[in-house]
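Here is a friendly walk through one protein chain, from a single annotated residue out to the whole fold. Please keep the structure open as you read.

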Amino acid sequence: MRKEITVRDLPNFINGQYVETGNTFDVLYPITGEVTAKAHTAGQAEVDAAVAAARAALSGPWGQLTTNARVEMVKDIAAAIRRRFDDFLEAEVLDTGKPYSVASHVDIPRGGANFESFAESLREHATEMFQFDTPDGRGAHNMMIRRPRGVIGVISPWNLPLLLMTFKVGPALACGNTVVVKPSEVTPSTATLLGEVMNEVGVPEGVYNVVHGYGDTGAMITSHPDVDGITFTGETVTGSKILEAVAPTLKASSMEMGGKNPGIVFEDADLDLAIKELTRSCFLNTGQVCLGTERVYVHESVFDEVRDRLKEAAENLHYGFPDDEATNFGPVVSDEHRDKVLSYYKLAEEEGATVVTGGGAPKFDDERDGGSWVQPTIWTGLSHDSRTAREEIFGPCVALIPFTDEDEVIKLANDTKYGLAATFFSQDVSRVHRVAPQLEAGIIWVNSWFLRDLRTAFGGMKQSGIGREGGVHGLEFYTETSNICIKY
Ligand SMILES: NC(=O)c1ccc[n+]([C@@H]2O[C@H](COP(=O)([O-])OP(=O)(O)OC[C@H]3O[C@@H](n4cnc5c(N)ncnc54)[C@H](O)[C@@H]3O)[C@@H](O)[C@H]2O)c1
Ligand SMILES: N/C(=C\C=C\C=O)C(=O)O
């Protein structure tokens, strides 16, 4: 149902305090386009204060906590997010317009999980020690110790705001670092709310800081001489700019970027399963998931059936107000992004696409017409080399492309500058074990999509990412190691 919007104030969160600057920007409700909040832009002074607070916290009570005490505090953060589930749900939905059914099953539960899972895995992870024979026969041993990397700049995107920000802040804090977070200007609410949780839990001031603004505020963090590492999730082109910015101060960087992930339906796939999972991988979160599939190669023998069944699934998606239980399809996050997606809908037709379904924006004849809506869209008739099938659109759209044999489709799947994710469907176990290792992607799902075990390495190759986070893999970024060689 329509929501009465009360415009909220979103200050920065620095050294345990909310800080207004008076220089605000509007945050819009994508369902109707109404202003739902005013966020306070952080300038250099606020960024400097946040970095200084984070630096000071490393040598204060936070830096003196035992590992067990720190891990327990990180787990308390998870518990507090769960206690305030509805507050985070409301904040996330106001920023993104996504259905409650998505935010309550994907975004918010991962907010808690991202703290809890990393607290445990990082506590349990052993380091290493080697007995070493020396020429004099007396021997030595080498042992590795880990310490926090220091002040971490966290720069996060708008598609899964709480999930992706906490996927960084969770391990960062579990490893003893402090953070300065710059959430997307489009979706600043949940990062702001998390400041209240940090204070409720008793996380020392300065450990968690949030500064609001656009790319220029982000650039103040990436170029800051007193920031030790940057973890970024966002567009590949932004990632390049960030790597340029960190170069003069040689900051360690963990980069999660764009993708154009292939889906493959082999002739021996379970089509019921494939349609169910492709409906998610193409349209979940209105297609705004970096791991989603915007190009799906379908064996020619099942092409027509997959096309017709995916069309039916797309046309059964229910646009609606977020709190309507039936709603499983929302707007995209902003008018700007809507216009980008619609420009690709236009391009697809110029490139010869047949529009199987969608191809434009819905008309509601109610306040939703002020929002950022597009139709779920399926194309056939596009070539693998078309821009539509090669460039990341980040919307609810997919090009279905037929193929005839396995070697051909592997080449097509890998023919991209990206390498983030892939998903394919086959009931042939030999084929599964033959094909999966040949796919050039950091994350490969077989007969499934977006199943997430937080112990696994997460990240992309080629221009989709640098480094891996998740499980103990995050240790390489969130800690520095020293090898200590002790002679007997
Ligand atoms: N690989 C992954 O895990 C993953 C996950 C989610 C989204 N993404 C990608 O993110 C993109 C969508 O998110 P987006 O539009 O917010 O991305 P974006 O790159 O536009 O912005 C991401 C963040 O970077 C900030 N930023 C922009 N310019 C900056 C600069 N010069 N210096 C420092 N910070 C800067 C933004 O303010 C925002 O907070 C898509 O390309 C999607 O593929 C990747
Ligand atoms: N990083 C993760 C998801 C990324 C989704 C991209 O939109 C995750 O599940 O941990």
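E256 touches K168, F232, T233, G234, F458, G459, G460, S464, G467 and E469, leaving aside residues up to four places away in sequence; a contact here means heavy atoms within 4.5 Å. This is a predicted model, in which local features need pLDDT of at least 70 and side-chain atom pairs count only at pLDDT 80 or more, while totals for chains, interfaces and linings use all residues. Residues are numbered from 1 along each chain as its sequence is written, chains are lettered from A and ligands numbered from 1 in the order in which they are written, and side-chain values use heavy atoms, with hydrogens and water left out.

E256 sits in strand β12. With a relative accessibility of 5%, E256 counts as buried (buried is under 20% relative accessible area, exposed over 50%, partly exposed in between, with a 1.4 Å probe and protein chains only). An unreviewed UniProt entry places the feature "active site" at E256; such annotations may be inferred rather than shown by experiment, and their positions follow the numbering used here, with feature names shortened. From UniProt (unreviewed entry) also comes the annotation "domain: Aldehyde dehydrogenase", covering residues 22-483. That span is 40% helix and 20% strand, and its end C-alpha atoms lie 48 Å apart. Helices (H or I, at least four residues) and strands (E, at least two) are DSSP runs, numbered from the N terminus.

Strand β12 (252-256) is also one of the packing partners of helix α9, whose buried residues rest against β8 (151-155), α8 (215-222) and β11 (229-233) as well. Which residues of α9 (residues 236-246) are buried? They are T236, G239, I242 and V246. Viewed down the axis of α9, they fall within an arc of 110°, so they line one face of the helix; the arc is that of the directions from the helix axis to the C-beta atoms. An α-helix has 3.6 residues a turn, so residues three or four places apart point the same way. The exposed residues K241 and E244 are carried on the face of α9 turned away from its buried side.

Now for the aromatic rings. The whole structure holds 17 aromatic pairs, where rings of Phe, Tyr and Trp (its six-membered ring) pair if their centres lie within 6.5 Å, with planes under 30 degrees apart counted as stacked, over 60 as edge-to-face and the rest as tilted. Two of the pairs are set out here.

| Pair | Centre to centre | Angle between planes | Geometry |
|---|---|---|---|
| F25 and Y214 | 5.1 Å | 65° | edge-to-face |
| F477 and Y478 | 4.9 Å | 75° | edge-to-face |

F25 in strand β4 (residues 24-29) and Y214 in the loop between β10 (208-210) and α8 are 189 residues apart, so this pair links distant parts of the chain. F25 is buried at 6% relative accessibility, whereas Y214 is partly exposed at 40%. F477 and Y478 are both buried. Ring pairs also join Y319, F329, F364 and W373 into a cluster.

Finally, the chain as a whole. Its secondary structure comes to 16 helices and 21 strands. Of its 488 residues, 58% count as buried. Residues 24 or more positions apart account for 75% of the contacts with a separation of 6 or more. Along its principal axes the C-alpha trace spans about 70 × 65 × 40 Å.
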